[in-house]
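Please read them with the structure open.

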Amino acid sequence: MAVHYKGMRGRPRPDWGKLDSQGLNNACQEEKAMAVRALLHYALEVPDLSVGEKFYRNFGLVDAPSRDDTVRLRPAPLKRETVLLYPGSRKRLHHLAFGAPGDELDAVKASLRKAGVRELDPPRGAPEGGIWIRDPDGNAVNIRSEGRELPPADPPLTLNSPGRIARVAARGCPEGREARPRRLGHVLLFTPDPDRQIDFYTRALGMRLSDRSRSIVAFLRCTTDHHNLAFLASKGPGFHHGSFEVGSIDEIALGAQRMLDAGCEPGWGVGRHVIGSNFFYYTRDPWGSFAEYFHDLDYIPEHCAWEARDFPEQDAIYRWGPPLPDYFGHNTELD
């Protein structure tokens, strides 16, 4: 069965500013610019902050400066936090934060007014500033006048392949390497109504639908990543996972082993998705949800004539990897 590869994938990524006009016309079409421009962070309530901090530090994140009792963590190459942990009676999503710098924030405000979405006060203890709203599932969403923070570029991968010898007189097995998350890529949430969530995030916040699989799962983007936000059908809302980019499939496997050595329960992977095409490993967190390492996600230039597909159910989850465990799609927040 053929793998559904689409768009521009892998590194080096194209310099779209240097394409000639004919090439640009052939590859792209003008679309309305996205209003929301970045996924900044996600915040969880958890019953034990020390347990949550230990989990994410083992995963590869480091502490970010904190002005209060909130635990703030970030990938080492970045300055800004991407995970916030608040005290709570059980694990649940506290809020999501998106960036819409400059004119984009004004565009978001106008779009929210047109959609009849009311602005709210921020949840207790949440970061000040920006716009606060709730989506149809009741999730708190913060849109901030901040741009996307990207890590320094990795050096090109040197992988030999038939007829293309790139690694000359150098050992290929990684030595002393470990999983080092570069950035937050996306968040997946459970929802009882994926279509309602798609409508809200595309109509009110200007995100775009990248792909979906029937009524099972849907993937939306606000950057050149294939997806920054995804929704998995469930009987109720909930947090499924946050996903962080690493530099290679070696790092994914090394990260998986590190989490097992740290005493985490077995997760799922290593494998490769069909939708988005990325390699993955999901490690189980202390509350029944997941943190994902990913590498080699589909790349979609902003004005590219990308056509969202509705994939068959057998392609909803993965192309290859270990059998899907029963607990992977279980929404523990409904227990």
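1. With which residue does Arg 144 form a salt bridge? The partner is Glu 146, and the closest N and O atoms of the pair are 2.8 Å apart, a salt bridge being a side-chain nitrogen of Lys or Arg within 4 Å of a carboxyl oxygen of Asp or Glu. Arg 144 is buried at 13% relative accessible area, whereas Glu 146 counts as partly exposed at 21%; buried means under 20% relative accessible area, exposed over 50% and partly exposed in between, with a 1.4 Å probe and protein chains only.

2. On the basis of these notes: the model is predicted, so that local features need pLDDT of at least 70 and side-chain atom pairs count only at pLDDT 80 or more, while totals for chains, interfaces and linings use all residues. Residues are numbered from 1 along each chain as its sequence is written, and side-chain values use heavy atoms, with hydrogens and water left out.

3. The structure holds 22 salt bridges, and one of them pairs Glu 302 with Arg 37, whose closest N and O atoms are 2.9 Å apart. Because Glu 302 lies in the loop between strand S17 (298-299) and strand S18 (309-310), and Arg 37 in the loop between helix H1 (21-27) and S2, the pair ties together parts that are 265 residues apart in sequence. Helices (H or I, at least four residues) and strands (E, at least two) are DSSP runs numbered from the N terminus. Arg 37 is partly exposed, at 24% relative accessibility.

4. Another salt bridge joins Arg 177 to Asp 250, with the closest N and O atoms 3.9 Å apart. This pair also links distant parts of the chain, since Arg 177 sits in the loop between strand S8 (140-144) and S9 and Asp 250 in helix H5 (residues 249-261), 73 residues away. Both partners count as partly exposed, Arg 177 at 41% relative accessibility and Asp 250 at 31%.

5. The largest has a volume of about 180 Å³, and of its 17 lining residues the closest to the centre are Leu 188, Phe 219, His 273, Tyr 282 and Ala 316. Its lining divides into 11 nonpolar, 6 polar and no charged residues.

6. The second largest cavity holds about 140 Å³ of space, and among the 14 residues that line it Leu 39, Leu 40, Arg 148, Glu 149 and Leu 184 are the closest to its centre. Strand S2 (38-46) gives the most to this lining, with 3 residues. Here the lining divides into 6 nonpolar, 3 polar and 5 charged residues.

7. Some backbone details deserve a look. Most residues other than glycine have a negative phi, and most peptide bonds are trans. The peptide bond from Gly 269 to Val 270 is cis, with omega near 0°, and Val 270 lies in strand S14 (residues 268-272). Ala 169, in the loop between S8 and S9, has a positive phi of about 55° and is exposed at 85% relative accessibility. Ser 277, in the loop between S14 and S15, has a positive phi near 70° but is buried, at 0%.

8. Phe 280 lies in strand S15 (residues 279-284) and is buried, with a relative accessible area of 0%. Its contacts (heavy atoms within 4.5 Å), leaving aside neighbours within four places in sequence, include Gly 269, Val 270 and His 273.

Notes: On a 1 Å grid over the protein atoms alone, a cavity is a set of points where a 1.4 Å probe fits but cannot get out, and a pocket is an open set with protein on both sides within 12 Å along at least five of seven lines; lining residues have an atom within 4 Å of a point. Grid points are joined across faces, edges and corners, and a volume is the space filled by probe spheres set on the points. Ala, Val, Leu, Ile, Met, Phe, Trp, Tyr, Cys and Pro count as nonpolar, Asp, Glu, Lys and Arg as charged, and the others, Gly among them, as polar.
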